[in-house]
Amino acid sequence: MTATVSDFHYGAVTPVAAYLMACLGAALGLRCTTRSLRRSHRSRRAGWLMLGAVSIGCGIWTMHFIGMIGFSVEDAPVSYDPALTLLSLGVAIGVVAVGVFLVGYRGAAPLNLGVAGVVTGLGVAAMHYIGMAAIRTHGTLRYDVPTVTLSVLIAVVAATAALWAAVSIHSLWSSLGASLVMGVAVTGMHYTGMAAVSVHVSGQDTASQSSADLMSFLLAMLAGPLTVLLIAAVIVMFDPDLVLGDGEWSPR
């Protein structure tokens with residue numbers, strides 16, 4: 001039996017919060033990458049690139065799991081496997097780091113940007129579907145293949161655009177504008193992927209599950225990435241040069 005699935009159990013709260021987290025991670029990642037490209041900070045490039053990658057990765061992952069707070073299956077409790085949930089976080093940070101370091105050190109030449117964008121986009125899609133594999137419910141998740149394919153294409157395009165922006169956009173306002181667009185793309189990828197999901201329950205199971213317990217688990221998992229984003233935001237806020245975007249840019 002196919003169950004009724006909702007991605008908006010709490011209305012617009014979760015998609016709006018998810019979008020804002022995606023924008024925050026993108027904005028911090030862009031500003032950190034901007035810092036890494038200054039001639040005066042060439043010796044610290046790796047550190048700034050890593051902070052940028054962690055910010056973007058945590059932003060994407062946080063977006064995903066805030067969105068998942070709104071996911072519900074009619075007449076079936078939902079929980080998450082902690083190990084797979086944490087694995088999805090590691091994948092998000094790892095693949096973004098690969099892309100950011102590729103363009104940070106080798107530039108945004110078309111071939112390099114294309115490779116970095118594909119690797120990162122596929123990794124972001126993998127993060128999403130690993131996170132979905134962490135779902136535990138009384139049923140089987142099934143996916144519409146064309147919609148999944150579309151979500152992966154959106155992830156690749158979004159990742160490529162994000163990496164291009166990371167090394168090509170230097171001013172504060174341009175970075176903020178780019179982060180808003182990237183937030184739309186990343187959140188769009190998430191909800192496109194969710195549109196591919198159907199749940200076939202194994203039987204009518206009306207066993208109740210405390211929504212407070214599920215919420216507590218997800219908030220606990222979100223605490224670490226949110227703390228990282230807060231720390232990155234503090235670093236950005238207390239670095240005037242980074243905020244203003246002034247300075248000389250180093251060739252790749």
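**A close look at N112 and its surroundings**

Modeller: Setting aside neighbours within four places in sequence, N112 is in contact with L102, V103, R106 and G107, where contact means heavy atoms within 4.5 Å. This is a predicted model, in which local features need pLDDT of at least 70 and side-chain atom pairs count only at pLDDT 80 or more, while totals for chains, interfaces and linings use all residues. Residues are numbered from 1 along each chain as its sequence is written, and side-chain values use heavy atoms, with hydrogens and water left out.

N112 lies in helix α4; helices (H or I, at least four residues) and strands (E, at least two) are DSSP runs, numbered from the N terminus. With a relative accessibility of 11%, N112 counts as buried. Buried here is under 20% relative accessible area, exposed is over 50%, and partly exposed is in between (1.4 Å probe, protein chains only). The C-alpha atom of N112 is 9.3 Å from that of G99, although 13 residues separate the pair along the chain.

Helix α4, residues 110-133, also has a part in the surface: it gives the most to a nonpolar patch, with three residues. V98, L111, V115 and V119 make this patch of about 340 Å². Patches are built from residues with over 30% relative accessible area and no salt bridge, joining nonpolar side chains (Val, Leu, Ile, Met, Phe, Trp, Tyr) within 5 Å and like charges within 9 Å. A salt bridge is a side-chain nitrogen of Lys or Arg within 4 Å of a carboxyl oxygen of Asp or Glu. Accessible areas come from the Shrake-Rupley method with a 1.4 Å probe, and for residues only the protein chains shown count as cover. V98 belongs to helix α3, residues 82-106, and is partly exposed because its relative accessibility is 39%.

H190 sits in helix α6 and is buried, with a relative accessible area of 1%. Beyond four places in sequence, H190 touches M63, H64, G67, M68 and H128. M194 is also found in helix α6; its relative accessible area is 3%, so it is buried. The contacts of M194, again leaving out residues up to four places away, are D7, M68, F71, H128 and M132. M68 and H128 therefore touch H190 as well as M194. M194 and S151 are 43 residues apart along the chain, and their C-alpha atoms are separated by 9.0 Å.

T192 lies in helix α6 too, which spans residues 172-195. At 16% relative accessibility, T192 counts as buried. Its side chain reaches the backbone oxygen of G188 at 2.7 Å. Such a polar contact is a pair of N or O atoms within 3.5 Å; within protein, one must be able to donate a hydrogen and the other to accept it, and residues adjacent in sequence count only if both atoms are side-chain atoms. Not counting residues up to four places away, T192 touches T147, L150, S151 and I154. L176, another residue of helix α6, is partly exposed at 30% relative accessible area.

T2 has a relative accessible area of 49%, which makes it partly exposed. T2 touches V199 and H200, not counting residues up to four places away, and its side chain makes a polar contact with the side chain of H200 at 3.2 Å. T2 and V201 are 199 residues apart in sequence, with their C-alpha atoms 6.2 Å apart in space.

Now for the wider setting. The protein has eight helices and seven strands, and 51% of its 252 residues count as buried. Among contacts between residues at least 6 apart in sequence, 89% join residues at least 24 apart. The protein exposes about 10,900 Å², of which carbon and sulfur atoms supply 70%. A search of the whole structure finds zero disulfides, a disulfide being a pair of cysteine sulfur atoms within 2.5 Å.
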